[in-house]
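Notebook open, model on screen.

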Amino acid sequence: MGDPKRQDAQDKEGARMRRHLAILIAASALTAPAASHAQTAEKPTDPSRARFLALYKEMVETDTTYSVGSCTLAAEQVAARLKAAGFPDADVHVLVPDGKPRFGALAAILHGTDKTAPPLLLLAHIDVVEAKRSDWKRDPFKLIEEDGYYYGRGTNDDKAMAASFADILIRYRQEGFQPRRDIKLALTCGEETSDQFDGAQYLTEHDRWAVQAGMALNEGGAGLLDDQGRPLANAIQAGEKIYQDYRLVVTNPGGHSSRPRKDNAVYQLAHALVRLEASPFPVRLSPVTRAYFTAMASLTPDPLAADLRAMGGPNLPPADVLARVAQDPAWNSTMRTTCVATQVNAGHAPNALAQHAEANVNCRILPDETVEQTRLALEQAIDDKDVVVSLAAQPSPQSPAPPLTDAVLGPARQVSNQIWPSVPLIPTMATGGTDGAFTNAAGIPTYGLGGIFRDPDGDGIHGLNERIRIRSLYDSREFLYRVVRLYASTG
Ligand SMILES: [Zn+2]
């Protein structure tokens, strides 16, 4: 037994590191107020940077919220810049869904030399989460530079990648770079409100030509900085859990509450939820999550590192190891399907026995498990035929995790090492959701890869005062410029 104080320090260090690293897999579902760091802003020195900044600024300053914004306007602005850079009209389209004038998408193409080679798709969403001026320190729809950061709604999620992708196509065209594969750009709307309308899903169903590809790059793989702004790890995301809500309903004849009976809708539902809480889904690891845990082991102090190495091994580790690793919510969510009660609603009057009690159970399903399998597993765990378990919404598409082949990992690692030497590139499976769910489901292998290094608090994404480090923005732009060039040059 080592020195308890050192053990404590190690535990503290381990816990701090775990909190940091959990961010890597949370995809786009983070909310936390910002802490700023004073560092000198990078002035765009070369003209291409100035052009990029102008495109990015215009995009951030165009409100593309679901409530009042217009993705169509943002798409038209990018279309104008592509055409000004020499793209022919035939290769640049603003696609507006029927009856949805504000939810337009941009589709563009840089033609490759080899029409037999499967195209490469650059996918990013231009819609943003709502932002109320009165809640923010600064105008959320103004690109504001402060302390080495750009502030504004969407500066990080996801207009940094959207602007970098559009800028890359302009740079390639102006440099006369001819890729082997066609490079397609799709800037879509609705990612943040996919329960209402999702532009990526719409394109896969209505304008398939705009997104059909052998491989796609999307948001979902971000880098992580430590408290001092030093890069800890970069990430490539391959696969994401399926989002599905289920409804649990109990009905009862009810009656007068002065004469309570044994059968009671509220208690019956409560007992069902308690049994559900006590029934975690089985651990199932995939090549991606094994690789993830192995990489995590290299960034985590012992004794936890040994457990993580076991998670990365060929056989399922023993129960005590699984239990220790599962103590971390992000790691628990990586190793199994999770279902949790999020809303409960029951009763119609304070003085009457409830006739109806229902709960919403939100599940995040491993990519190779199905929505129906999960519904049956819920029924089994609840083990009460009077508790009706049904889907609370249309079933989410089954989206298999794309293969993490050398052809995918190689270029990403190569360029990541060039820009962030000795910083590991970690494979991840997103526990949150992206539009990759729709493109993977449509048979377009989609990888989260952006190289945007974020602060441990998540840069205020989806929250107040969203920001991006100026250094992180330009490094990501350069990372994507180089890695897309590599992917587009191979077949
Ligand atoms: Zn996003």
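I started at aspartate 147, which sits in the loop between strand S4 (144-146) and S5. Strands here are DSSP E runs of at least two residues, helices are H or I runs of at least four, and both are numbered from the N terminus. Aspartate 147 is not a glycine, yet its phi is positive, about 55°. Most residues other than glycine have a negative phi, and most peptide bonds are trans.

Ground rules, noted before going on: this is a predicted model, with local features needing pLDDT of at least 70 and side-chain atom pairs counting only at pLDDT 80 or more, while totals for chains, interfaces and linings use all residues. Residues are numbered from 1 along each chain as its sequence is written, and side-chain values use heavy atoms, with hydrogens and water left out.

**Cis bonds.** I looked up the peptide bond from aspartate 157 to aspartate 158 and found it cis, with omega near 20°. Aspartate 158 is in the loop between S5 and H4. The bond from aspartate 302 to proline 303 is also cis, omega near 5°. Proline 303 belongs to the loop between H8 and H9.

**Zinc.** Which protein atoms hold the zinc ion as donors? I get His125 (NE2), Asp157 (OD), Glu219 (OE) and Glu219 (OE), at 1.9 to 2.6 Å. Donors are N, O and S atoms within 2.8 Å of the metal (3.2 Å for Na, K and Ca), and water is not among the atoms, so sites may look incomplete. Along the chain the donors are spaced H-x31-D-x61-E. Histidine 125 is in strand S3 (residues 120-125) and aspartate 157 in the loop between strand S5 (149-151) and helix H4 (159-175), so this pair ties together parts 32 residues apart in sequence. The 4 donor atoms subtend angles of 52 to 142° around the zinc ion, which makes the arrangement irregular. (Four donors are tetrahedral if all angles lie between 85 and 135 degrees; four are square planar and six octahedral if opposite donors are over 155 degrees apart and all others between 65 and 115; anything else is irregular.)

**H4 with H15.** I then checked what H4 packs on. The axes of H4 and helix H15 (residues 470-489) are 9 Å apart, at an angle of about 50°. Axes are lines fitted to C-alpha atoms, for helices over the stretch in contact, with angles from 0 to 180 degrees between N-to-C directions. H4 and H15 are therefore oblique to each other (under 35 degrees is roughly parallel, over 145 roughly antiparallel, 65 to 115 roughly perpendicular, the rest oblique). The contact residues of H4 include Met161, Phe165 and Arg171, and those of H15 include Leu473, Tyr481 and Arg485; contact means heavy atoms within 4.5 Å.

**H2 with H4.** Helix H2 (residues 47-60) packs on H4 at about 140°, axes 9 Å apart. That makes H2 oblique to H4. Among the residues that meet are Phe52, Leu55 and Tyr56 in H2 and Ala163, Asp167 and Ile170 in H4.

**H8 with H9.** Last pair: the axes of helix H8 (residues 287-297) and helix H9 (residues 304-312) come within 7 Å and cross at roughly 155°. That makes H8 roughly antiparallel to H9. I noted Arg290, Phe293, Thr294, Met296 and Ala297 of H8 against Ala305, Leu308, Arg309, Met311 and Gly312 of H9.
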